[in-house]
Amino acid sequence: MKYLILMQVDPSVLESLTEEQGQQIQQGHGAFMAATKQSGEFIGTQALADPSQSKVIRSREGRPEVTDGPFVEAKEFMGGFYLIDVENEERALELARMIPDASIDGLALEVRPVMFSDGFEG
């Protein structure tokens with residue numbers, strides 16, 4: 001079964017990290033990707049830009065209108081995701097716990113089953 005591990009980012013938490021801690025996070029993500037690739041559970045990953053670079057499309061009088069940014073007061077935003085293919089939810093949670101963000105106060109991971117997939121084959 002496929003699961004999406006969403007990485008919730010709080011910029012103030014990342015800004016408070018030391019350079020060494022930042023490097024440990026990068027190395028931890030590299031180790032996670034290597035381990036899940038080796039086990040055959042890795043499908044893909046994407047890191048997302050800061051929400052200030054977002055565009056939002058909403059319907060106005062039945063027509064799509066594009067505006068800058070989400071303009072939502074939120075402390076956290078989705079910073080990226082991993083898509084994995086595992087036997088069950090227990091394994092998905094086990095893998096999520098390996099991601100360095102899981103051990104940093106103020107950051108969060110959301111593990112969600114994929115209901116439909118097209119184009120990301122693992």
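**Salt bridges in a predicted model**

Biologist: Which residue forms a salt bridge with R112, and how far apart are the closest N and O atoms?

Modeller: A salt bridge is a side-chain nitrogen of Lys or Arg within 4 Å of a carboxyl oxygen of Asp or Glu. This is a predicted model, in which local features need pLDDT of at least 70, side-chain atom pairs count only at pLDDT 80 or more, and totals for chains, interfaces and linings use all residues. Residues are numbered from 1 along each chain as its sequence is written, and side-chain values use heavy atoms, with hydrogens and water left out. R112 pairs with E110, and the closest N and O atoms lie 2.4 Å apart.

Biologist: Is E110 buried, partly exposed or exposed?

Modeller: Buried means under 20% relative accessible area, exposed over 50%, and partly exposed in between (1.4 Å probe, protein chains only). E110 has 29% relative accessibility, so this residue counts as partly exposed.

Biologist: About how many helical turns separate E94 and R91?

Modeller: Helices are DSSP runs (H or I, at least four residues), numbered from the N terminus. E94 and R91 are 3 residues apart in helix 3, residues 89-98, so the separation is about one helical turn.

Biologist: How many salt bridges are there by this rule?

Modeller: Another one of them links E65 with R60, with the closest N and O atoms 3.3 Å apart. By this rule the count is 5.

Conventions
Helix = DSSP H or I, 4+ residues; strand = E, 2+ residues; numbered from the N terminus.
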